[in-house]
Amino acid sequence: MKSHLFLITAALCLGLSQPMRAHEPSAHRQRPPAPAEQTAWGIAGDPKAVHRRVEIDMGDDMRFSPDRLEVRQGETVELVIHNRGRAQHELVLGTREALQAHAALMARHPGMEHDEPHIAHVAPGETGRLVWTFNRAGQVEFACLVAGHYEAGMAGRVHVRP
């Protein structure tokens with residue numbers, strides 16, 4: 001009985017001593033992709049159904065170029081995002097309210113990593129891609145939510161025409 005208790009205790013201690021990897025990118029790559037989830041600003045697009053490609057530059061001047069896009073409702077767009085700066089940047093799609101809530105969460109948890117289809121993290125000098133179907137007419141915003149970047153004006157808009 002004592003040996004069983006010792007083995008169980010040892011196994012639990014070993015399991016608990018392992019670092020948590022839930023927010024590391026490698027942990028996300030091992031899981032199968034989750035089904036696309038409808039949001040107020042659209043839904044993850046199928047890379048095989050892309051209607052057009054839009055190139056966006058971002059940099060340490062805290063700006064996107066272009067920072068205004070126009071798409072048709074139902075259009076699937078591949079955003080090709082080039083980080084021309086020396087700092088980490090990202091492009092996050094959402095409503096103004098969703099972006100503000102996400103920015104507040106990032107401020108409370110600055111090292112948090114996440115892997116949603118409406119977010120492209122782009123390392124300095126690298127290129128990221130995001131495929132999105134804009135199936136809701138109206139305004140969709142995008143921003144860099146790295147601490148301080150959104151507050152410095154690193155944001156843009158997508159007008160989705162009906």
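Two strands are said to pair if DSSP finds at least two bridges between them, and strands (E, at least two residues) and helices (H or I, at least four) are DSSP runs numbered from the N terminus. The views show a predicted model, in which local features need pLDDT of at least 70 and side-chain atom pairs count only at pLDDT 80 or more, whereas totals for chains, interfaces and linings use all residues. Residues are numbered from 1 along each chain as its sequence is written, and side-chain values use heavy atoms, with hydrogens and water left out.

**View 1. The open sheet and the pairing of E2 with E3.** Asp57 stands opposite Ser65 in E3, and E2 and E3, which run antiparallel, are joined by two bridges. The open sheet is formed by five strands in the order E1-E8-E5-E2-E3, with mixed pairing. Strand E1 (43-44) and strand E3 (64-65) stand at its edges with a single partner strand each, so one side of each is left without a neighbour in the sheet.

**View 2. The largest nonpolar core.** A nonpolar core is a set of buried Ala, Val, Leu, Ile, Met, Phe, Trp, Tyr and Cys residues joined through side-chain atoms within 4.5 Å, where buried means under 20% relative accessible area, exposed over 50% and partly exposed in between (1.4 Å probe, protein chains only). The largest such core has 24 residues, and those with the most contacts inside it are Leu79, Leu91, Leu93 and Phe134. Strands that each supply at least two residues of this core include E5 (75-83), E6 (89-94) and E8 (127-134). A second, separate core has seven residues, among them Val92, Ile119, Ala143 and Leu145.

**View 3. His118 in the loop between H3 and E7.** His118 counts as buried because its relative accessibility is 12%. Leaving aside neighbours within four places in sequence, His118 is in contact (heavy atoms within 4.5 Å) with Trp41, Leu91, Val92, Leu93, Leu130 and Trp132.

**View 4. Gly125 in the loop between E7 and E8.** Gly125 counts as exposed because its relative accessibility is 60%. The C-alpha atoms of Gly125 and Arg84 are separated by 5.5 Å, although these residues lie 41 residues apart along the chain. Leaving aside neighbours within four places in sequence, Gly125 is in contact with Asn83 and Gly85.
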